[in-house]
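This report looks at aromatic ring pairs and at one further residue with its contacts. Please have the sequence and the coordinates at hand while reading.

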Amino acid sequence: MTHFLHSAFGIFGDLTGLFLFLVPIITFKRILLNKSTEQFSGIPYVMTLLNCLLSAWYGLPFVSPNNILVSVVNGTGAVIESIYVLMFLIFAPKKEKTKISGILVIVLTLFATIAFVSVFALHHKKRKVFCGFAASIFSVIMYGSPLSVMRMVIRTKSVEYMPFFLSLCSFLCGTSWFIYGLLGNDPFVASSNGFGSGLGILQLILYATYCGNKGQTKKTADGSSLEVGQDNQEDSK
């Protein structure tokens, strides 16, 4: 029964993970239409790419046996996130483009270094522990990357730049892989995704709190209006 549940949650994790990777299509459709990244951050997509690369590597049989489902979904995610990052770089303003390009170079260099060390310097259990720690650390960073967006939500009292389905899929994905890790006695999978599940809950709470203010206008201390969201900006023209 444990083996069946382990596989079931792994498959469910693959499905929710795929949805999580596809949810930003809504955001990038808007970016394509407006030919601008507006106030959307590119950091979550770059960090998700790193997480996918490391997690896909960790799930390979010669690194971590019986975790091929981890490699399947994260390998797919790495391809999807690469497309997102490329599109973001095309439409981002120059300053943001430079920042994201720099982060991307660091991400790819870091992954290549970890993969090289794990293959040529480590073996068996040491390889699994090394890659597991790396994947867990950057999985936590990936899950934590929306914190800047959450801060914007609290500051502007608007959820325009925190899509609901992205938050929901983040919660479902984190929860399913957390249970998968527990059932498989894999502390690396369980710990990082447990953190992601908790952060997903916080995002959903924020959305429930401020969803009624999406695109509304705030009043500043001097009585002038502060536009929050593109819809109001268009109405004021």
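Helices are DSSP runs of H or I with at least four residues, numbered from the N terminus. In helix H5 (residues 94-120), Phe116 and Phe120 are four residues apart and therefore separated by about one helical turn. The model is predicted, so local features need pLDDT of at least 70 and side-chain atom pairs count only at pLDDT 80 or more, while totals for chains, interfaces and linings use all residues. Residues are numbered from 1 along each chain as its sequence is written, and side-chain values use heavy atoms, with hydrogens and water left out.

A search of the whole structure finds 10 aromatic pairs, where rings of Phe, Tyr and Trp (its six-membered ring) pair if their centres lie within 6.5 Å, and planes under 30 degrees apart count as stacked, over 60 as edge-to-face and the rest as tilted. Two of these pairs are tabulated below.

| Pair | Centre distance | Plane angle | Class |
|---|---|---|---|
| Tyr45 and Tyr84 | 6.0 Å | 65° | edge-to-face |
| Phe116 and Phe120 | 4.8 Å | 40° | tilted |

Tyr45 in helix H3 (residues 43-58) and Tyr84 in helix H4 (residues 68-91) are 39 residues apart, so that their pair links distant parts of the chain. Both Tyr45 and Tyr84 are buried, that is, under 20% relative accessible area, with exposed meaning over 50% and partly exposed in between (1.4 Å probe, protein chains only). Phe116 and Phe120, in turn, are both exposed. Ring pairs also join Phe28, Tyr45 and Tyr84 into a cluster.

Tyr84 is also touched by Leu22, a residue of helix H1 (residues 2-22) that counts as partly exposed at 34% relative accessibility.

Key:
Helices (H or I, at least four residues) and strands (E, at least two) are DSSP runs, numbered from the N terminus. Contact means heavy atoms within 4.5 Å. Lists of a residue's contacts leave out its neighbours within four places in sequence.
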